[in-house]
Amino acid sequence: MNSTIRRFGDLEAMSQEAASYIAGLIRNADRFSIALSGGNTPKRLYGLLPDQDIDWNKVHLFLGDERYVPPTDPRSNEKMIRETLVRHIDIPASNVYGMYDSAGWRESADRYDAILRSFFAGDSHTFDLALQGMGDDGHTASIFPGEPATYDDRWVITTDGPTESPQRISASLDCLAAADLVLFMVDGAAKASRLAQVIRGEDYPSAVLAGKAKNVEWWVDDAAARELR
Ligand code: 6PG
């Protein structure tokens, strides 16, 4: 496992660099698949990507996790990603893969599992880039502390989230860890102590993912990094 930490003065600087970095990764690829995170941290990055020189025809946008709500619901990660990124870029509609399926919560997970297995069939890794956030409890995607670290061989599972959006759909840690690169973006002082624990390898989902992944980059702002040695 190859792991690096990059520090930035603030989230703005991190987001600016991430937009340029991801554009460079895409330019060097024939096909590029990204698992996008929800939450607040990546919103600025998503808003900056449309200004990058990217051929979106070769990009495939997936979700790393979702709340089981329709994409019209304000809690929907798909809604946020369409509003901040997708509607501002010229990407084929078929290259954007939402997780929500009105057929049902578990049916949505089963359907997405099949989509990923078909898309990555025969590949040596899953996503080219898994863009991850970390909650202040150490969760990532919708894998929360106390969840099993593995789900047999499933790539997409259902999990129980916090009260405001309990029904979650998530790529499993094994699926995310099989990405070519896992890039965590973590900002803010509220996450500083948890980040230090995770970087030390304490038992939180973000640490488990980082430990399983082939290549991990931690992009952190100074406030989140203040307890790192
Ligand atoms: C979600 C996200 C989740 C997020 C973390 C960090 O659905 O909420 O996918 O895993 O990355 O909760 O969220 P913030 O970026 O808002 O701190």
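This is a predicted model: local features need pLDDT of at least 70, side-chain atom pairs count only at pLDDT 80 or more; totals for chains, interfaces and linings use all residues.
Numbering runs from 1 along each chain as its sequence is written, and side-chain values use heavy atoms, with hydrogens and water left out.

**Ligand contacts**

- A backbone N or O atom of A141 lies 2.6 Å from a ligand oxygen atom.
- R67 places a polar side-chain atom 2.7 Å from an oxygen atom of the ligand.
- For G38, a backbone N or O atom lies 3.2 Å from an oxygen atom of the ligand.
- Alone, the ligand exposes 420 Å², and the protein buries 88% of that (Shrake-Rupley method, 1.4 Å probe).

**Largest pocket**

- The ligand sits in the largest pocket, meaning that more than half of its atoms lie within 2 Å of the pocket's grid points.
- A pocket is an open set of points on a 1 Å grid over the protein atoms alone, with protein on both sides within 12 Å along at least five of seven lines; lining residues have an atom within 4 Å of a point.
- The largest pocket holds about 350 Å³ of space. Its lining has 20 residues, and G38, G39, N40, G135 and H139 are the closest to its centre.
- By class, this lining divides into 5 nonpolar, 10 polar and 5 charged residues.

**Largest cavity**

- A cavity is a set of grid points where a 1.4 Å probe fits but cannot get out. The count is 1 cavity of 30 Å³ or more.
- The largest cavity has a volume of about 50 Å³.
- Its lining includes L36, F62, E78, R82 and Y97.
- Elements giving two or more residues to this lining are β3 (59-63), α3 (77-84) and β5 (96-97).
- The lining of the largest cavity has 7 nonpolar, 1 polar and 2 charged residues.

Methods
A polar contact is a pair of N or O atoms within 3.5 Å; within protein, one must be able to donate a hydrogen and the other to accept it, and residues adjacent in sequence count only if both atoms are side-chain atoms. Grid points are joined across faces, edges and corners, and a volume is the space filled by probe spheres set on the points. Helices (H or I, at least four residues) and strands (E, at least two) are DSSP runs, numbered from the N terminus. Ala, Val, Leu, Ile, Met, Phe, Trp, Tyr, Cys and Pro count as nonpolar, Asp, Glu, Lys and Arg as charged, and the others, Gly among them, as polar.
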